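Here is a short briefing to read with the structure open beside you. It starts with the protein as a whole and then goes through the sheets, the ligand shell and a few individual residues.

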Amino acid sequence: MSDKKEVLICGEVKGEKITTITKELMTTGRKLCIDLNQPLSLLLIGQNIQEAANEAILLGADKVYTAEGASWVESFPEHYVSIIADICNQTGPSIILFSQTDMGRDIAPRLAARLGAGVCLDCIELAIDPDTKSLLQTKPVYGGNAMAVWASTNNKPQVITMRPRTAAQAEPDTSRKGEIVPVALDVNNSMIKGKLLETLQEDVKGIRLEEAKVIITGGGGIGGKEGFQLIKELAQILGGAVGISRVPCDEGWMPAGHEIGQTGHMVSPDLYIAVGISGAPQHLAGCSGSKCIIAINKDPEAHIFKEADFGIVGYYREVLPVLIEKCRNLLA
Ligand SMILES: Cc1cc2nc3c(=O)[nH]c(=O)nc-3n(C[C@H](O)[C@H](O)[C@H](O)COP(=O)(O)OP(=O)(O)OC[C@H]3O[C@@H](n4cnc5c(N)ncnc54)[C@H](O)[C@@H]3O)c2cc1C
C-alpha cells in the first residue's frame with residue numbers, strides 16, 4: 001500500500017466522455033485534496049477511455065487509473081467492487097467518492113463493506129475539519145426536513161456518494177500534468193453471482209433528471225397520461241426535464257424512470273415545479289435540495305405549500321396553459 005494517501009473518485013463515462021456529474025465530483029475532490037494536502041486520483045472503467053483520462057487530468061486529477069472493460073451497465077456490481085477494492089488495497093485512499101447515481105448507490109455500500117470502511121450516501125456537502133482533519137459529511141435526513149453532519153473518526157477510508165448538482169463542474173486547465181496508470185482487470189468470475197439475461201434501454205429521453213436545471217414534475221393530481229402533455233410542453237419551453245411522483249409511476253401514466261423521491265431520483269435543480277403533488281416526505285426526500293420550488297395544487301392546505309418557495313392554488317388545467325403562454329412569450 002502506498003504511504004501517501006489520496007482522494008479517489010470513481011468516475012463515470014458516457015459515450016467515451018466524462019459525465020458532467022463526474023466533473024462536479026472533481027470540484028469537490030479537488031477542494032478536499034487541497035485541505036488534506038493529498039493528490040486527487042480518478043478511476044475510469046469502460047472502453048476507449050483514453051481521451052476521457054486525458055481530459056480528467058486537465059480537470060484536476062493528478063493520477064487517472066484506467067481499466068479497459070465492460071461499462072457498469074453491461075457489467076455486474078461484484079465485478080466493479082472487485083476492481084475498485086483491488087485499487088484501494090494497493091493505494092490506500094483516505095476518501096472514495098462516487099456520485100449518487102445508479103452506479104454510486106449500487107457500488108458504494110458494497111465497496112465499504114468489502115473494505116471495512118465507513119459509508120455515507122447522498123451527501124450534499126463535504127469539508128475537512130481544520131483541527132482534526134476528519135471528514136465532515138452533510139446530508140439531508142428526515143425526508144429533507146433537517147441536515148445532519150457526520151464526522152469520520154478513524155483511519156479507515158470513508159466511502160461517500162455525492163448528490164448531483166451540489167458543486168460546479170470542474171473547468172479544464174490546459175497547463176495541468178498528470179499520470180495515467182492502466183490497471184489490469186483481474187476479476188475472479190466465481191464471485192459474480194448474477195447473470196445478464198437482457199439489457200433494456202431506459203425509456204427516458206432528453207436531459208437526465210440529475211443534470212437538469214429545471215424539472216417539471218407531475219403527480220397524482222394530473223389524473224392520467226394525457227395530462228402530462230401540458231407538463232411536457234412547459235418542460236420543453238423551459239429547457240427542462242419531466243419528473244413524476246409515485247402515483248403516475250404506479251398508474252403507468254409515465255415510465256418509472258422519471259420517478260423522483262426516496263425510491264426514485266434525487267435531484268437538485270435550480271427550479272422545481274411540482275404540479276398536482278401533495279408533498280409526501282418520500283417525494284420531498286428527492287427534491288428538497290432544489291434551489292427554488294414552485295407548487296401548483298388545487299388544495300390550499302396541501303403540504304407541498306409548506307415546502308415551496310412560491311405556490312399557485314388552482315387546477316393545473318387552468319394554471320398551466322397560462323404559465324406556458326407567459327413563459328413562451330417571455331423567452332421568445
Ligand atoms: C417506502 C415508500 C417509498 C416511497 N417512495 C416514493 C418516491 O420515491 N417518490 C414519490 O413520489 N412517492 C413515494 N412514495 C409514495 C408517497 O408516500 C406518496 O404516496 C406519493 O408521493 C403521493 O404522490 P402525489 O402527491 O403525486 O399524489 P397524491 O397523494 O394523490 O396527491 C395529489 C395531489 O394533487 C392535488 N390535485 C388533485 N387534482 C388536482 C388538479 N386538477 N390540479 C392541481 N392539483 C390537484 C391534490 O390536492 C393532492 O395534493 C413512497 C412511499 C413509501 C411507503
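Of the 332 residues in this predicted model, 44% count as buried. The secondary structure comes to nine helices and 17 strands. The radius of gyration is 21 Å, close to the 20 Å that the globule rule gives for 332 residues, so the protein is as compact as a globular protein of that length.

**Overall dimensions and contacts**

- The C-alpha trace spans about 65 × 50 × 40 Å along its principal axes.
- If you take the contacts between residues at least 6 apart in sequence, 66% of them join residues at least 24 apart.

- Seven strands make an open sheet in the order 7-11-6-1-4-5-12, and their pairing is parallel.
- Strand 7 (118-123) and strand 12 (179-182) stand at the edges with a single partner strand each, so one side of each has no neighbour in the sheet.
- From one strand to the next, the twist averages 20 degrees.
- Helix 1 packs on this sheet, where it touches strand 1 (7-10), strand 4, strand 6 (95-99) and strand 11 (158-162). The direction of helix 1 makes about 175 degrees with that of strand 1.
- Helix 3 (residues 77-91) lies across strand 1, strand 4, strand 5 and strand 6, and runs at about 150 degrees to strand 4.
- Strand 5 (residues 63-68) and strand 12 run parallel and are joined by four bridges. Thr66 has Pro182 of strand 12 as its bridge partner.

**A closer look at strand 4**

- Is strand 4 mostly covered or mostly open? It is mostly covered, with seven of its seven residues buried.
- The cover extends to both faces: Leu40, Leu42, Leu44 and Gly46 are buried on one side, and Ser41, Leu43 and Ile45 are buried on the other.
- Strand 4 pairs with strand 1 in the parallel sense over four bridges, and here Leu43 of strand 4 stands opposite Cys10.
- Strand 4 also runs parallel to strand 5, with six bridges joining the two. Leu42 has Val64 in strand 5 as its bridge partner.

- Strand 13 (residues 214-218) pairs with strand 14 in the parallel sense over four bridges, and Ile216 has Val242 of strand 14 as its bridge partner.

**The shell around the ligand**

- The ligand is surrounded by 25 residues, and the closest are Gly219, Gly220, Gly221, Arg246 and Gly261.
- Helix 6 (246-251), helix 7 (281-287) and strand 16 (292-297) are the elements that give two or more residues to this shell.
- Which element gives the largest share of the shell? That is helix 7, with three residues.
- By type, the shell divides into seven nonpolar, 14 polar and four charged residues.

- Most residues other than glycine have a negative phi, which gives some background for the next two points.
- Asn48 has a positive phi, near 55 degrees. Asn48 sits in the loop between strand 4 (40-46) and helix 2 (50-59), and it counts as exposed because it has 10 C-beta neighbours inside 10 Å.
- Lys133 also has a positive phi, near 65 degrees. Its place is in the loop between strand 8 (125-128) and strand 9 (135-141). Lys133 counts as exposed because it has 12 C-beta neighbours inside 10 Å.
- Lys31, by contrast, lies in helix 1 (residues 20-36). With 17 C-beta neighbours inside 10 Å, Lys31 counts as partly exposed.

Terms used. Residues are numbered from 1 along each chain as its sequence is written. This is a predicted model: local features need pLDDT of at least 70, side-chain atom pairs count only at pLDDT 80 or more; totals for chains, interfaces and linings use all residues. A residue is buried if 20 or more other C-beta atoms lie within 10 Å of its own, exposed if 12 or fewer, and partly exposed in between; C-beta atoms are placed from the backbone. Two strands pair if DSSP finds at least two bridges between them. Axes are lines fitted to C-alpha atoms, for helices over the stretch in contact, and angles run from 0 to 180 degrees between N-to-C directions. Two residues are in contact if their C-beta atoms, placed from the backbone, lie within 7 Å. A residue is near a molecule or strand if its C-beta atom, placed from the backbone, lies within 6 Å of it. Ala, Val, Leu, Ile, Met, Phe, Trp, Tyr, Cys and Pro count as nonpolar, Asp, Glu, Lys and Arg as charged, and the others, Gly among them, as polar. The radius of gyration is taken over C-alpha atoms; the globule rule is 2.2 Å times the number of residues to the power 0.38.
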